[in-house]
Amino acid sequence: MMKVIDVIIPVYRRQEFIECIKSLQQAAYLIKNIIICSDDIRSLRSQLDEFNSRIPIKYLKESFSQFNKSVLVNSGIMQSKAEYILCSDADIIWNLETIESLLKNVVNKEKIAYIHQVFETQPQTEALTYKRYRYNIKQTKNNFTLNILQDQNQENFRPGYGLIMASRHNMLKFGGLKLFSGWGWEDVDVLIRGKILGLKTVAVGSVLHISHLRPSYEDLKIKRNQNIIQSLREIKVGKVFGPLSHNYNLNCPLNINIWIPPELTDHQDLGNIYA
C-alpha cells in the first residue's frame, strides 16, 4: 500500500513526543509525514537531531500565549497533503495493528475512527480518577437526541476520543476542531458533529499512554466543563461546522434534544441549554 497517512502531533512541554515518534516508525510503510505543531520548534528539532526517522518530519510553528490544541491540530490539517489524517497526542505509544485497523475502517468510507481503549504505563495513575464524561447520540427520522453522561467505568476503561483518523476530505467537511479554551472536549465535539453531518463513528484498537502528572486537574476540569457547554450551545443552534469549513458561520436548522448532568450547570454564566 502507498503511504497515505499524515500524522499530526500537537506538542506543548511534553518530552514524551520522541517516544511517540519512535512508535510510529513501525507504520512507516503507511505514513507519508509526521507533522509536529508547536510554539517551540527549535527545541523540538534539537531533541530529534540524533533520531533517524524513517518517516519525514515536518514542523509547524504556532505562537500562542496559552496552549490551544485545536489551533495546532487545525494548522496540521491545512498543511497535510495525505489522503488520511491521524491525530495523535504527544504522549501516545502506537502499535502497528491499531494503525492498520484505523485505516481499514476509514478507507473509502464516510467514517471517523477513534481509539477504543487507552492503557496507562502506570495503571494507578491519577489520570484515571479524573472525572470524565461520555456521550451518546441517536438519530430518528425527525430529530437527534444527545446525552452527556458521567463515565461510570472511568477507572477501568478509558476511550481515546482525541486519537482520531479520518480522510482529509472528511476532516475538512466538518471543519476541523472547534476553537475552545485550552484543551478538553474538542475531540468529543468532533465526533458529535461528524455524526450530525452524516458520518459514522467507530472505536478501534488500543494504544498506550505515557502516564505523567498534570499541573492541576481542577483547572483542567473547569476549562473542560466550560468547553462542553460552549460545544452544546453551538450544536443547539445548529453551528456544527468548524473553522476550516466555508460553512463555519452557517447555522443549520437542527431539531435536537440535549441532556446534560446537573453538575455541569453549576456556573451562573452557563444558563440552560436543555431542548
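## Asparagine 68

Asparagine 68 counts as buried, at 14% relative accessibility; buried means under 20% relative accessible area with a 1.4 Å probe, protein chains only. The model is predicted: local features need pLDDT of at least 70, side-chain atom pairs count only at pLDDT 80 or more, and totals for chains, interfaces and linings use all residues. Residues are numbered from 1 along each chain as its sequence is written, and side-chain values use heavy atoms, without hydrogens and water.

The residue sits in the loop between strand E3 (57–61) and helix H3 (69–79). Helices (H or I, at least four residues) and strands (E, at least two) are DSSP runs, numbered from the N terminus. Beyond neighbours within four places in sequence, asparagine 68 is in contact with Phe180 and Gly182 (heavy atoms within 4.5 Å).

## Tyrosine cluster

The structure holds two aromatic pairs. Rings of Phe, Tyr and Trp (its six-membered ring) pair if their centres lie within 6.5 Å; planes under 30 degrees apart are stacked, over 60 edge-to-face, the rest tilted. Tyrosine 114 and tyrosine 161 form a tilted pair, 5.4 Å centre to centre, with 50° between the planes. Tyrosine 114 lies in strand E6 (residues 111–120) and tyrosine 161 in strand E9 (residues 160–167), so the pair ties together parts 47 residues apart in sequence.

Tyrosine 135 and tyrosine 161 are also a tilted pair, because their centres are 5.9 Å apart and their planes at 55°. Tyrosine 135 is in strand E7 (residues 133–139), 26 residues from tyrosine 161. Both tyrosine 135 and tyrosine 161 are buried. So are both tyrosine 114 and tyrosine 161. Ring pairs link Tyr114, Tyr135 and Tyr161 into a cluster.

Definitions and conventions:
Buried < 20%, exposed > 50% of the residue type's maximum accessible area, 1.4 Å probe, protein only.
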